[in-house]
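Open the model in your viewer and keep the sequence panel beside it. The stops below are meant to be followed in order.

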Amino acid sequence: MLFFILSSGNAMAHRVTVFAWVEGDTVLGEGKFSGGKKAQNSEIIVWDLNGKERLRTRTNKKGEFSFPIPAKTAMRIELIAGMGHKAEWTIPLEDIDDTATIKSAQDAGIPPSEPAGNTAPKQTANPVAAIDPEQLEAIVEKAVTKALNKKITPLSKMVADLAQEGPTINEILGGIGYIFGLMGVAIYFSSRKKKS
Amino acid sequence: MHISEGVLSAPVLGAGMALALAGTAVGLKKLKEDKIPQAAILSAAFFVASLIHVPIGPSSVHLILNGILGLMLGWVAFPSILIALLLQGVLFQFGGITTLGVNTIIMATPAVVCHYLFAGFVHKPDTISYAASFACGFLSVFFSSLLVGTALMFTQESFLEVAWAVVLAHLPVMFIEGLVAIFCVGFLKKVQPELLPKWSAAKHQDILDSKTKMVEKQI
């Protein structure tokens, strides 16, 4: 009941959307109503693709949520905002696969990479030989992922905002056009009925 | 008040679809040729109305306009609202295709009910017709809220809780809709009263009234 009073302002929206992305080993996401209002305190249910429920959480005051990746499967994230508002977002297996392998690479890469990093400046004459290629790969991969994540997160958010934008003027005018077109069709048929 | 896809169970969706089709069939049968443009314009107004947001306090509300649409059109409200909701669903992703029937019922049934309740009062003197218009705009949204509660009752939440929450959330809209209805009826009465429902009956009544007055005067 309290939940409904809190979210009563949400009732006027037409559509709720949810958007989520993977960052490291957590899933971040946000829910929004059309018109830009945040979906506060809405229930989030995470399913895997076999329809098994993985976990439940709630969005915070900013309409954001996060949870650790529960399992290495594709996920379907469902947002329930009450009063008949509901939205879904699917995170494909590839997204999680990537980060999971990177994570294992990090696990393998971090401990040996530190001594390697320390030794590298001393042996400037022959740095390539000092670091064996596998370690180097791990370091580079880690750095690249970190940098990429930094760059990509704002982009992901931008895409989310774009996906959640309200109807454009083209769509509105198109809809009105359809209605008047239908009016023409109706008048045509009724005038034919009259003639015959 | 658009119920999203995947919220309702299949029997509710099916029942909504069947009832909406029946209502639309009745509406199309009652749609006379000279009413087609009016129905289309009101359908377009309904289609656009939900995009106009009126800020109230921390949140904003949008117009629904099903009251005034029903008042003007009666049963024809069903096809008009169905088309408008279909386009909103396809173009804006409001509601959805599977929930189209249920959403049509939610919007159009109160419209028809309000037509039968209030259309007879529109051509009465100003105070009565304005009061009827306000009640029409107000109650159509109120009935719609109750229907949302009814539709959701079968799936997840208890009727009273949902209905109460939806009514509470729509209280400001009810007042605005009432005022908009007064404005529309007042304007049409001044400019083109023949567009309002039951015009011929009201005119007939007027003639009868003036005749009795004449008779009274003569006596």
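pLDDT is the predictor's confidence in each residue, on a scale from 0 to 100. It applies here because this is a predicted model.

**Stop 1: colour by confidence**

Colour both chains by pLDDT and begin with chain A. Its average pLDDT is 73, and 71% of its residues score at least 70. Chain B averages 85, with 95% of the residues at 70 or above, that is, scoring at least 70. For the model as a whole, the scores are ipTM 0.76 and pTM 0.72.

Where in chain A is confidence lowest, and where is it highest? The lowest mean, 36, belongs to helix α1 (residues 2–6) of chain A, and the highest, 87, to α5(A). Now select residues 1–12 of chain A: pLDDT stays under 50 there, and the model has 30 contacts beyond four places in sequence for this stretch. Next select residues 108–123 of chain A, where pLDDT also stays under 50 and the model has 16 such contacts beyond four places in sequence.

**Stop 2: chain A as a whole**

Switch to a cartoon view of chain A. The chain holds five helices and seven strands. Reading from the N terminus, the order of elements is α-β-β-β-β-β-β-β-α-α-α-α. Of the 196 residues in chain A, 26% are buried. Among contacts in chain A with a separation of 6 or more, 57% are between residues 24 or more positions apart.

**Stop 3: α5(A) against α2(B)**

Select helix α5 (residues 169–195) of chain A and helix α2 (residues 36–49) of chain B. The two axes come within 9 Å and cross at roughly 160°. An angle over 145 degrees counts as roughly antiparallel, so α5(A) is roughly antiparallel to α2(B). The crossing is right-handed.

Which residues meet here, in α5(A) and in α2(B)? On the α5(A) side, show A:Ile172, A:Gly175, A:Ile176, A:Ile179, A:Phe180, A:Leu182, A:Met183, A:Ala186, A:Ile187 and A:Ser190. On the α2(B) side, show B:Ile36, B:Pro37, B:Ala40, B:Ser43, B:Ala44, B:Phe47 and B:Val48. By class, the residues of this contact are 14 nonpolar, three polar and no charged.

**Stop 4: α5(A) against α4(B)**

α5(A) passes α4(B) in a right-handed crossing. From α5(A), the residues in contact are A:Glu171, A:Gly174, A:Gly175, A:Tyr178, A:Ile179 and A:Leu182. They meet B:Ile83, B:Leu87, B:Leu91 and B:Phe92 in α4(B). This contact has seven nonpolar, two polar and one charged residues.

A:Gly175, A:Ile179 and A:Leu182 are listed in the contact with α2(B) and also in the contact with α4(B).

**Stop 5: α3(B) against α4(B)**

B:Asn66, B:Leu69, B:Gly70 and B:Leu73 of α3(B) make the contact with B:Ala77, B:Ser80 and B:Ile81 of α4(B). The classes are four nonpolar, three polar and no charged residues.

**Stop 6**

B:Leu65 is not a glycine, yet has a positive phi of about 65°. Is B:Leu65 buried or exposed? B:Leu65 is buried, because 27 other C-beta atoms lie within 10 Å and the cut-off is 20 or more.

Move to B:Thr98, in the loop between α4 and α5 (100–118) of chain B. B:Thr98 has 19 other C-beta atoms within 10 Å and so is partly exposed. B:Thr98 and B:Ser4 are 94 residues apart in sequence, but their C-alpha atoms are 8.8 Å apart. Setting aside neighbours within four places in sequence, B:Thr98 is in contact with B:Glu5 and B:Leu13.

Finish at B:Lys189, in helix α7 (residues 159–191) of chain B. B:Lys189 counts as partly exposed, with 17 C-beta neighbours inside 10 Å. Beyond four places in sequence, B:Lys189 touches B:Ser129 and B:Leu196. B:Ser129 is 60 residues from B:Lys189 along the chain, and their C-alpha atoms are separated by 9.8 Å.

Note on methods: Residues are numbered from 1 along each chain as its sequence is written. Chains are lettered from A and ligands numbered from 1 in the order in which they are written. This is a predicted model: local features need pLDDT of at least 70, side-chain atom pairs count only at pLDDT 80 or more; totals for chains, interfaces and linings use all residues. Axes are lines fitted to C-alpha atoms, for helices over the stretch in contact, and angles run from 0 to 180 degrees between N-to-C directions. Helices (H or I, at least four residues) and strands (E, at least two) are DSSP runs, numbered from the N terminus. A crossing is left-handed if the near helix is turned anticlockwise from the far one by less than a right angle, and right-handed if clockwise. Two residues are in contact if their C-beta atoms, placed from the backbone, lie within 7 Å. Ala, Val, Leu, Ile, Met, Phe, Trp, Tyr, Cys and Pro count as nonpolar, Asp, Glu, Lys and Arg as charged, and the others, Gly among them, as polar. Angles under 35 degrees count as roughly parallel, over 145 as roughly antiparallel, 65 to 115 as roughly perpendicular and the rest as oblique. A residue is buried if 20 or more other C-beta atoms lie within 10 Å of its own, exposed if 12 or fewer, and partly exposed in between; C-beta atoms are placed from the backbone.
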